[in-house]
Amino acid sequence: MPSVFVQGTPVESYPPLAPEARRGAVRRITEVGEQVLHKPCRDVTEFGPDLAALIDDMFLTMYIADGAGLAANQVGVDLRLFVYDCPDDEGVRHVGHIVNPVLEPLPPAGRRLIDDSEGCLSVPGATMEVPRPDRAVVRGYDKDGGPLVIEGTGYFARCLAHETDHVNGHVYLDRLSARERRRALRQVADRRDEVFARRAANVAALGA
C-alpha cells in the first residue's frame with residue numbers, strides 16, 4: 001500500500017511539510033469559549049485565491065501547533081473548511097484539505113466505536129478519551145470546487161470526525177460528561193503555558 005495519500009490519491013513521495021505551508025502565514029488559534037468555535041460555520045461559496053491563501057495559512061498554523069488537523073474557525077474564520085496531515089493506524093499518511101465537509105452517517109452494522117485519547121489545538125494541553133467510530137467518510141470539495149470523497153480508518157477517521165465537528169460548531173469537550181469536561185479544563189490551566197512555549201519554539205525553528 002502507498003505510504004502517503006494526498007487529497008485521497010496515492011503519491012510516490014511527499015515532503016515532510018505540505019507545500020502549502022511554505023506560502024502561508026501563521027494565524028492565531030482560537031480557544032474554547034470563543035464564539036466562533038461554538039456555532040455552525042457558513043458554507044464556502046467563493047472558490048479562488050482568497051480561499052487558497054487561507055488554506056496555505058491553515059497548513060502552516062497547524063504545523064506550528066503540532067496538529068494533525070485544523071478547521072477554519074480555529075483561526076477565527078467562519079467557513080466550513082479544514083486541513084489535515086494525519087496518519088492512520090497502519091502508518092499511512094493522509095494530507096489534504098476539504099471544503100464544505102459532510103460526514104456520512106455509517107450503517108449501525110458497520111459502526112464500531114473506539115475509545116481513544118483525543119486532543120484539540122483549541123483546547124491547549126488537554127487530552128481525554130473520546131468514543132469515535134473506527135471509520136469515517138467525508139464528502140466535500142477541493143479549493144477549486146472539485147468534488148471530493150475522503151475515507152479514513154482508525155486515528156485518521158477520528159481526525160476527520162473531529163474536524164467535521166468543528167465546522168458544525170462543536171468541540172470534543174461537548175462529547176464529554178460535565179465531570180470529564182472540568183477535568184479537561186483543569187489540564188488546560190496546568191499545561192497551556194507549556195503548549196504555547198512549544199508553539200513559539202516551532203515558529204522560531206521554521207522561521208515562520
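**Exercise 1.** Compare the span of helix 3 with its expected value, and determine how many of its residues are buried.

*Solution.* Helix 3 covers residues 154-167, which is 14 residues, where a helix is a DSSP run of H or I of at least four residues, numbered from the N terminus. Of the 14 residues, 13 are buried (under 20% relative accessible area, with a 1.4 Å probe and protein chains only), so helix 3 is largely enclosed by the rest of the structure. Just after helix 3, G169 takes a positive phi of about 90 degrees.

The model is predicted, with local features requiring pLDDT of at least 70 and side-chain atom pairs pLDDT 80 or more, whereas totals for chains, interfaces and linings use all residues. Residues are numbered from 1 along each chain as its sequence is written, and side-chain values use heavy atoms, without hydrogens and water.

**Exercise 2.** Describe the geometry of the aromatic pair F59 and Y63, and decide whether each residue is buried or exposed.

*Solution.* Rings of Phe, Tyr and Trp (its six-membered ring) pair if their centres lie within 6.5 Å, and planes under 30 degrees apart count as stacked, over 60 as edge-to-face and the rest as tilted. By this rule there are 3 aromatic pairs. One of them, F59 and Y63, is tilted, at 6.3 Å centre to centre and 35 degrees between the planes. Both residues lie in helix 2, 4 residues apart. F59 counts as buried because its relative accessibility is 0%, and Y63 counts as buried at 11%.

Key:
Helices (H or I, at least four residues) and strands (E, at least two) are DSSP runs, numbered from the N terminus. The expected span of a helix is 1.5 Å times one less than its number of residues. Buried means under 20% relative accessible area, exposed over 50%, partly exposed in between (1.4 Å probe, protein chains only).
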